[in-house]
Amino acid sequence: METRGGFYISQIKQLQDRIFERLLIDNGIEISGGQGRIMFILWKTDNLSMSEISEKTSLAKNTVSVVIDGMVKKGIVERNINPQNRRQAIVSLTEYAKSLQEKYETVSQQMNSLFYQGFSEEEQKQFERYLARILETLTASLRKN
């Protein structure tokens with residue numbers, strides 16, 4: 001049996017990223033998708049290490065480092081040395097980044113409405129359960145290696 005799930009997920013991801021970036025710009029939020037993922041995590045739990053951000057976003061550590069560098073330059077986050085472990089940097093949101101949260105969440109809701117257009121509530125829940133299962137399987141496989 002030929003399957004195309006991974007191919008569809010990849011295409012959806014590419015299109016979703018482009019549309020979301022356009023919505024952000026249209027709403028006066030000048031951040032990239034990668035920066036948005038990191039901000040979303042930090043809005044939930046501020047003051048995280050690079051490793052924690054990498055784990056929570058599923059972005060590679062070197063990618064997180066590069067994105068954080070850009071965010072520091074734009075005044076979105078601050079990077080400080082952890083006083084308990086001098087080898088570890090702690091990333092925290094600036095007041096500017098905190099001020100973007102409400103606007104960003106509005107754009108996220110716009111994207112969700114588009115993403116689930118034509119789906120019933122039960123179809124949305126079922127779809128997300130399937131995606132969660134795939135994510136768990138892939139995460140477990142990565143940990144084995």
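The side chain of S54 comes within reach of the backbone oxygen of L59, at 2.5 Å. Keep in mind that this is a predicted model.

**Around S54**
- You'll find S54 in helix 3, which covers residues 50-57.
- Is S54 buried or exposed? S54 counts as buried because its relative accessibility is 10%, and the cut-off for buried is under 20%.
- Leaving out residues up to four places away in sequence, S54 touches L59, A60, K61 and V64.

**The hairpin**
- Strand 2 (residues 77-82) and strand 3 (residues 85-93) run antiparallel, and 6 bridges join them.
- How many residues sit between strand 2 and strand 3 in this hairpin? There are 2 residues between them.
- For a pairing you can look up in the structure, take E78: its bridge partner in strand 3 is S92.

**Around D26**
- D26 belongs to helix 1, made up of residues 5-26.
- D26 is exposed, because its relative accessible area is 57% and the cut-off for exposed is over 50%.
- D26 and V107 are 81 residues apart along the chain, and their C-alpha atoms are separated by 9.4 Å.

Definitions and conventions. Residues numbered from 1 in each chain as written. Predicted model: local features only at pLDDT ≥ 70, side-chain atom pairs only at ≥ 80, totals over all residues. Heavy atoms only, no water. Helix = DSSP H or I, 4+ residues; strand = E, 2+ residues; numbered from the N terminus. Buried < 20%, exposed > 50% of the residue type's maximum accessible area, 1.4 Å probe, protein only. Pairing = 2+ DSSP bridges. Polar contact = N/O pair within 3.5 Å; in protein donor to acceptor, adjacent residues only side chain to side chain. Contact = heavy atoms within 4.5 Å.
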